[in-house]
Amino acid sequence: MTARERIAGNVAGYVDDRTGAAKWMKKNLTKVFPDHWSFLLGEIALYSFIILLLSGTFLTFWFDPSMKEVVYNGSYEPLQGIKMSAAYASTLDISFEVRGGLLMRQIHHWAALIFMVGIVVHLMRVYFTGAFRKPREFNWIIGVGLLTLGIVEGFLGYSLPDDLLSGTGIRIAEAIIQALPVVGSYLSYFAFGGAFPGELFISRIYTVHILLLPGIFLALITVHLMLVWYQKHTQFPGPGRTEKNVVGYPLMPVYMAKAGGFFFIVFGVTAFLGAVASINPVWLYGPYTPGQVSAGSQPDWYMGWLDGLVRMAPPLETYLFGYTVSWNILIPGLILPGIMFTGLALYPFIESWATGDKREHHLLDRPRNAPNRTAIGAMALTFTLVSLINGGNDIIATTFDLTINQMMWFSRIAIIVLPPIAFVVTKRLCLSLQRADRDLVLHGRETGRLVRMPNGEFIEVHEPISAEKAWLLTSHEQLAPLELPEHDGAGVRRPGALKNKLRNRISRAAAVAVPKATETERRELEGHH
Amino acid sequence: MSNEIELIKDPGLPTHVHRRADTDPKAALRAERQVAILFALSALGTLILIYSYIFIKDDVFIFIPIMGDTNLHQLGIGMGMAIALFCIGAGLIHWAKTLMPDEEVIAQRHEFKSEDEDRAEFVDTVKAGAADAGLGRRPLIKTTLGAALGLSALTPVLLLRDLGPLPGDDLKKTNWKKGTRLVTDPGDRPIRPEDLEVGAVAQTLPEFPAGKVRHLDDVAKDAVLLIRLRPEEFNLDAERLSWTHEGIIAFSKICSHMGCAVALYEQQTKHLLCPCHQSTFDVTRAAKVIFGPAARPLPQLNISVDEEGYLVAAAPFTEPVGPSFWGRLK
């Protein structure tokens with residue numbers, strides 16, 4: 001035994017004497033993690049969160065979360081002598097006086113954008129592969145919570161510098177609060193400590209941004225990861241992989257090195273963006289005043305869809321017994337997002353209710369093999385994408401020489417027309433891909449080699465695919481539709497018939513599939529060739 | 001042969017294919033060297049960072065294509081940091097991929113569901129615990145505890161009450177009164193009609209008596225846009241026309257939709273456009289909404305001139321300015 005091994009043994013012994021951790025560690029250090037590039041997407045979000053904590057802590061050392069009025073006399077000449085809030089002035093100081101300060105500000109902002117991209121793309125991976133199914137519904141809901149909080153956290157974060165752009169965003173948030181029936185103006189006066197903008201909101205959202213929400217994030221992320229750990233990761237179907245096992249690399253050392261290395265890569269890329277790509281140059285916007293606005297006001301991308309919905313809302317306001325209800329704000333600002341996020345959170349339960357599938361699933365679906373789910377996802381994405389595009393309608397209009405009216409009418413029509421089209425097209429595409437899979441299994445791979453037969457006929461040589469590939473393309477199960485009783489023995493409608501009818505219909509739609517190729521069919525075809 | 005349909009069978013985990021570095025010591029040595037080079041590059045990145053931090057002055061700019069004039073100090077620190085971090089990551093991953101074992105391992109899953117026996121015992125334990133506490137047998141305790149807990153939830157709500165004052169009729173008032181002069185923003189200079197040419201726009205605020213400080217809350221309600229047209233260009237009813245002065249018309253600059261500053265004026269079409277959500281208002285028709293999500297016109301301010309010839313408000317706003325709220329019309 002070398003000296004080093006002896007020391008390591010002693011340390012491990014010291015810790016185990018006090019915690020009894022050896023048994024747990026022995027088992028978990030060799031824990032198996034399946035490998036697939038798409039499993040890295042959630043890691044991007046996790047690592048961006050760590051980068052946000054580090055860079056954010058740096059920023060708090062200089063940022064002054066106060067709306068006290070000061071006169072700027074720092075080194076950025078165009079703003080010298082101008083009155084502004086201490087928050088804005090200290091943001092300028094971080095950018096121009098603190099060495100590496102601008103870099104850290106830009107890393108923080110880029111990391112926030114990447115954090116949200118990571119969450120959304122990870123969510124899409126989980127959705128389209130069906131990873132949310134039993135037993136992982138809790139983690140899905142935690143994920144939807146993290147997405148929602150991430151949007152709020154990002155919005156509060158870019159509001160802190162108190163520049164002209166961010167102040168405009170806060171003004172819009174205030175208008176949404178104020179539009180709430182009955183309590184709106186009260187809540188707004190509580191939130192802002194009086195009339196908008198007041199002198200309090202920066203210090204208030206600062207506490208929420210750096211303490212309250214990060215605390216909730218830490219707790220939720222911890223539970224999220226513990227559940228992944230405890231439930232073991234899902235895996236894609238393939239040879240040797242079943243619902244009962246997990247195939248991959250052990251945590252120590254391979255997965256540790258890969259995951260740890262990936263953290264540094266994400267951090268490195270974020271630092272590179274912070275170094276070369278200017279983001280949120282607040283000194284160009286000037287300090288906030290409610291009487292001014294910068295043209296082309298754009299929120300960050302994860303808020304853009306919400307802004308796009310607000311922009312395309314029809315000018316609807318009703319007056320009920322003299323009270324005002326602003327549908328043009330409530331529908332796009334609260335009701336639609338509420339429906340979207342509730343639907344997202346409940347999706348696993350809706351799907352298992354409609355298909356009657358209550359079993360555990362650890363093997364992922366290939367998106368084509370769940371055409372209905374994939375099509376619903378494409379529909380939701382299309383809706384969000386049209387909203388996002390409309391969130392930048394002014395920029396798009398000026399860039400492509402369109403009028404704002406053309407853009408707006410495009411979005412207003414597209415948001416209703418395109419999602420159903422996306423549903424139909426995606427479903428058809430999935431079924432076509434299933435058909436292609438079937439052909440591949442039955443007839444083999446096209447080699448591109450043409451052969452002339454003795455009788456003059458030209459044929460293309462097909463090569464059989466490997467046993468592994470054939471298994472991958474046929475290992476999925478195809479659910480039969482539900483057949484819940486709608487009538488009783490005497491042909492009379494039962495109680496709950498309507499519910500059963502609905503479930504039958506949805507599950508019939510979900511069960512539409514191209515029958516997968518079987519060994520029997522393959523053998524029959526061989527006889528023909 | 002049976003009529004059963006035979007499915008395609010799982011061929012099992014494919015046999016492991018060795019990498020070059022597993023079999024060829026030379027390739028392994030090469031991989032080791034590559035990893036070491038990546039780690040060395042990382043160290044170099046940190047050195048670049050240290051050098052830039054200490055020795056490059058923060059006012060040195062260099063021209064870089066695409067990026068334009070770039071601050072070398074920031075760039076050096078940032079690129080140093082990026083290289084240092086990225087190369088650690090690349091080294092670790094290269095190490096894992098070339099030199100660490102790449103044989104896939106199979107572990108078994110276990111159902112999460114507890115044994116039926118355990119479940120039953122769990123339920124029994126809960127039942128027994130509840131019975132021991134006697135909740136069911138002592139309704140008085142249950143009721144009073146529930147009431148106490150419910151009431152205590154009011155504490156945080158109550159303690160938050162002092163977050164801000166009640167709005168009262170604050171949202172309906174501005175600093176515009178009969179005779180308040182319009183002053184430029186910025187500059188605080190009173191304006192005469194002849195200061196504005198036809199087609200011109202001016203942002204104004206109400207004049208404050210000396211010593212009264214103008215807060216942003218005031219600007220958020222008081223900001224007014226002056227626009228001068230030729231009088232015959234208006235398409236207004238008699239009352240609203242009487243609120244203009246020599247072709248000068250005044251509107252609240254705070255959007256009736258969500259409170260942004262309606263800052264874009266299109267001289268050709270005489271439209272005002274809010275840059276936030278593109279609500280468009282027709283100046284000639286008392287800021288009627290002609291496009292976008294806003295539901296109401298911008299409130300018009302009744303203006304005239306005082307004896308010294310300066311523009312003044314002839315009356316306060318007749319309706320609350322800014323975005324809608326529940327009790328707006330009350």
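This short talk walks through a predicted model with chains A and B, from the overall build to a few local backbone features.

Before the details, a word on conventions: residues are numbered from 1 along each chain as its sequence is written, and chains are lettered from A, with ligands numbered from 1, in the order in which they are written. Since the model is predicted, local features need pLDDT of at least 70 and side-chain atom pairs count only at pLDDT 80 or more, while totals for chains, interfaces and linings use all residues.

Let me begin with chain A as a whole. Its C-alpha atoms fill a box of roughly 90 × 80 × 60 Å along the principal axes, and the chain holds 19 helices and 8 strands, where helices (H or I, at least four residues) and strands (E, at least two) are DSSP runs numbered from the N terminus. Of the 529 residues in chain A, 40% are buried; a residue is called buried if 20 or more other C-beta atoms lie within 10 Å of its own, exposed if 12 or fewer, and partly exposed in between, with C-beta atoms placed from the backbone. Among the contacts in chain A with a separation of 6 or more, 71% join residues 24 or more positions apart, a contact being two residues whose C-beta atoms, placed from the backbone, lie within 7 Å.

Now to the domains, whose bounds come from an automatic or database domain assignment. Chain A is given domain 1 (1–30), domain 2 (31–291 + 303–365) and domain 3 (427–528). The C-alpha centres of domain 2 and domain 3 of chain A lie 41 Å apart, and the contact between these two takes 8 residues from domain 2 and 11 residues from domain 3. On the domain 2 side, those residues divide into 3 nonpolar, 3 polar and 2 charged; here Ala, Val, Leu, Ile, Met, Phe, Trp, Tyr, Cys and Pro count as nonpolar, Asp, Glu, Lys and Arg as charged, and the others, Gly among them, as polar. Chain B, for its part, is divided into domain 1 (20–98) and domain 2 (170–313), with 57 Å between their centres, taken over C-alpha atoms.

How do the chains meet? In the model, 93 residues of chain A are in contact with 78 residues of chain B. Helix α10 (residues 251–276) of chain A supplies the largest share of the chain A side, 18 residues, and by class that side has 51 nonpolar, 31 polar and 11 charged residues.

Three strands, in the order β1(A)-β4(A)-β3(B), form an open antiparallel sheet, two strands being paired if DSSP finds at least two bridges between them. Its edge strands are β1 (32–33) of chain A and β3 of chain B, each of which pairs on one side only. Between the chains, β4 (residues 245–250) of chain A and β3 (residues 105–108) of chain B pair over 4 bridges, and G248(A) stands opposite V105(B). Within chain A, β1 and β4 pair over 2 bridges, with F33(A) having Y249(A) as its bridge partner.

For a covered element, consider helix α4 (residues 86–96) of chain A, in which 8 of the 11 residues are buried, among them Y88(A), L92(A) and I94(A). What covers these buried residues includes α3 (40–60), α5 (101–128) and α9 (201–231) of chain A.

Finally, the backbone. Most residues other than glycine have a negative phi, and most peptide bonds are trans. Against that, the bond from F196(A) to P197(A) is cis, with omega near -5°, P197(A) sitting in the loop between α8 (184–192) and α9 of chain A. A cis peptide bond also joins D185(B) and P186(B), with omega about 0°, and P186(B) is in the loop between β4 (182–184) and β5 (201–206) of chain B.

Which phi values are positive in residues other than glycine? That of V182(A) is near 65°, and that of K270(B) is near 60°. V182(A) lies in the loop between α7 (164–179) and α8 of chain A and is exposed, because 10 other C-beta atoms are within 10 Å. K270(B), in the loop between β8 (264–266) and β9 (271–273) of chain B, is partly exposed, because its count within 10 Å is 17 other C-beta atoms.
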